[in-house]
Amino acid sequence: QGRLVESGGGLAQSGGSLRLSCAATIRAFSIYDMGWYRQAPGAPDLQRKLIAEIESGGSTNYADSVKGRFTISRDNTKNMVYLQMNDLKPEDTAVYYCNAVGSARADFGSWGQGTQVTVSS
């Protein structure tokens, strides 16, 4: 099974920016569609929401709540996934996780520890 380590979170002001990074340890990382998920404060794990996805071929998809503000990217040579977050809003406050999309998450085993993003108004 693989391993995921998220980093880059922190405290930002409304309108600010943060860049999250995810280091993946797994064979054939490039074949996986990867995503960033977030879990709002107090929400159960089942409400961890996929907000940005990047397919193995590089196509991207975004939840309406972050479209136009967040950009997902990947570097297959380094087994890394990134999330550039601009124009942050207080409602973006959450713990952010990366993982594969769909049933491929089983290949990574457990989720990483996530990275906390807090946006103040």
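Mentor: Two strands pair if DSSP finds at least two bridges between them. Strands themselves are DSSP runs (E, at least two residues), numbered from the N terminus. This is a predicted model, in which local features need pLDDT of at least 70 and side-chain atom pairs count only at pLDDT 80 or more, while totals for chains, interfaces and linings use all residues. Residues are numbered from 1 along each chain as its sequence is written, and side-chain values use heavy atoms, with hydrogens and water left out.

Trainee: Which residue stands opposite tyrosine 82 in β8?

Mentor: That residue is serine 73. β7 and β8 run antiparallel and are joined by six bridges. They form a hairpin with four residues between them, and asparagine 79 in the turn has a positive phi of about 55°.

Trainee: How many bridges join β3 to β8?

Mentor: Six bridges join this antiparallel pair, and leucine 20 stands opposite leucine 83 in β8. In general, side chains in a regular strand alternate between the two faces of the sheet.

Trainee: Is β8 mostly covered or mostly uncovered?

Mentor: Burial is read from relative accessible area: buried means under 20%, exposed over 50%, and partly exposed in between (1.4 Å probe, protein chains only). In β8, five of the six residues are buried, so the strand is mostly covered.

Trainee: Which residues have the most contacts inside the largest nonpolar core?

Mentor: A nonpolar core is a set of buried Ala, Val, Leu, Ile, Met, Phe, Trp, Tyr and Cys residues joined through side-chain atoms within 4.5 Å. Here the largest has 28 residues, and those with the most contacts inside it are Met34, Trp36, Leu83, Met85 and Tyr96. β3 (18-25), β4 (34-39), β5 (49-54), β7 (70-75), β8 (80-85), β9 and β10 each supply at least two of its residues. Contact means heavy atoms within 4.5 Å; leaving aside neighbours within four places in sequence, leucine 83 touches residues including Trp36, Phe70 and Tyr96.

Trainee: Which cysteines form a disulfide?

Mentor: A disulfide is a covalent bond between the sulfur atoms of two cysteines; the criterion is a pair of cysteine sulfur atoms within 2.5 Å. The structure holds one: cysteine 22 and cysteine 98, with sulfur atoms 1.7 Å apart. The pair links distant parts of the chain, from β3 to β9, 76 residues apart. Both cysteine 22 and cysteine 98 are buried.

Trainee: What is the strand order in the open sheet of six strands?

Mentor: The order is β2-β10-β9-β4-β5-β6, with mixed pairing. β2 (10-13) and β6 (60-62) stand at the edges, each with a single partner strand, so one side of each has no neighbour in the sheet.
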